[in-house]
Amino acid sequence: MKYIDEYRSKELVDQLLHEIHALARGKYTLMEVCGSHTMAIHRFGLPSVLPSNIRLVSGPGCPVCVTGKRFINMAIAYTNKPDTIVATYGDLLRVPGSSFSLEKAKAEGGDVRIVYSPLDALNIAKSNAEKNVVFPAIGFETTAPGTAVAIDQAVKEGVENFYVLCGHKIMPPAMNAIVEEGVKIDGYICPGHVSTITGEDIYKHIPVNYGIPCVIAGFEPVDILYTILMIIKQIENNNPAVEIQYKRAVKPEGNRKALDYMHKVFITRDDYWRGLGIIEKSGLRIRENYKSIDAEEVMPVRVQAEEKDQGCICGEILKGLKNPLDCKLFENQCTPINPVGACMVSSEGACQAYYKYKRYE
Ligand code: SF4
């Protein structure tokens, strides 16, 4: 298949649904790890056409949703420093910190600018030599190589006013943590974008250690339904493995060049995930030889410690234990215009997916 229409073909969708209905004899809870999958699943209304014995739950793969309040507090604290620009992805702007968001800090006079890539932030630094520029970097293996390139370039070019507040995380430790906490997952719909960088090897231990099938999926209805069929086949044949459904974008070995950059600039560290707590070796830290770029090293800020969200159940949603309709604040106190938690702010958040597509109505 070559064109997007083919991945939305009614005939193919019907055929896949027919096979899924015929094969799915048990009860299955499948976790879509990636926020883009959550959005696609709700956009195309897939839960309503799947058999009721297949439950899809959202996972921890929305970068904004798993970023802790302390990180947001730190980014905000940089807006209070003199001659400092915070250059951030737009998605982070409205995420609530302990008492503030970057958007509010901007409204109160902080120099906060939206960028679309770390290289945009580096360019702002180059054209504002009299100011410091801090880039709060979030995201998984998909975006970490881009940050690594900007850091490497800044050092090579001797840019002395560019700093990165590093909040990058990696996917597999969170997938392990969810299973080890006892959450029952029968299959992982693995993230397509992350896997274009990492390839399939990062999931290989999951079927071996936990007996859970892993299928790397694309983002169209045919991709997702075909992935579900592949997972159900693995379960029914008692043959858990890693498979790639999204072959048009993901190579088994991933993107070597991007991985090399990532490993050159970052090293793993224990990190905090909103809702999941501290997970061993799940975050990325800037290596010693690039520490002149590390905002936490060079210009540390003191902020409030990590704290629980009041009334927001994002954490349980990110573990697949609850869904947005279980939250008392959903749709009344919490909407995309007035978000209480990160899962409603993010364009990949489960709460925003439920709110936007209203498939439950
Ligand atoms: Fe949190 Fe709002 Fe989602 Fe409730 S609806 S879990 S408050 S983001």
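The model here is predicted.

Q: How are helix 2 and helix 17 oriented to each other, roughly parallel or roughly antiparallel?
A: Helix 2 covers residues 35–43 and helix 17 covers residues 350–357. Their axes come within 9 Å and cross at roughly 20°. Angles under 35 degrees count as roughly parallel. Helix 2 and helix 17 are therefore roughly parallel.

Q: Which hand does the crossing of helix 2 and helix 17 have, left or right?
A: The two axes cross at roughly 20°. As helix 2 passes helix 17, the crossing is right-handed.

Q: How does helix 1 run relative to helix 12, roughly parallel or roughly antiparallel, and with which hand do they cross?
A: Helix 1 spans residues 10–23, and helix 12 spans residues 221–236. Their axes come within 10 Å and cross at roughly 20°. That angle makes helix 1 roughly parallel to helix 12. Helix 1 passes helix 12 in a crossing that is left-handed.

Q: What hand does the crossing of helix 7 and helix 8 have?
A: Helix 7 is residues 118–126 and helix 8 is residues 144–157. Their axes cross at roughly 25° and come within 8 Å. The two helices are therefore roughly parallel to each other. Their crossing is right-handed.

Q: Which cavity does the ligand take up?
A: Residues surrounding the ligand include C312, I313, C314 and I317. Others among them are C327, L329, F330 and C334. The space that the ligand takes is the largest cavity.

Q: How many residues of the shell around the ligand are charged?
A: V340, G341, M344 and C351 are among the residues surrounding the ligand. The shell holds 11 nonpolar residues and one polar residue. Gly counts as polar. The number of charged residues in the shell is none.

Terms used: Residues are numbered from 1 along each chain as its sequence is written. This is a predicted model: local features need pLDDT of at least 70, side-chain atom pairs count only at pLDDT 80 or more; totals for chains, interfaces and linings use all residues. Side-chain values use heavy atoms; hydrogens and water are left out. A residue is near a molecule or strand if one of its heavy atoms lies within 4 Å of it. On a 1 Å grid over the protein atoms alone, a cavity is a set of points where a 1.4 Å probe fits but cannot get out, and a pocket is an open set with protein on both sides within 12 Å along at least five of seven lines; lining residues have an atom within 4 Å of a point. A molecule sits in a cavity or pocket if more than half of its atoms lie within 2 Å of its grid points. Axes are lines fitted to C-alpha atoms, for helices over the stretch in contact, and angles run from 0 to 180 degrees between N-to-C directions. Helices (H or I, at least four residues) and strands (E, at least two) are DSSP runs, numbered from the N terminus. Angles under 35 degrees count as roughly parallel, over 145 as roughly antiparallel, 65 to 115 as roughly perpendicular and the rest as oblique. A crossing is left-handed if the near helix is turned anticlockwise from the far one by less than a right angle, and right-handed if clockwise.
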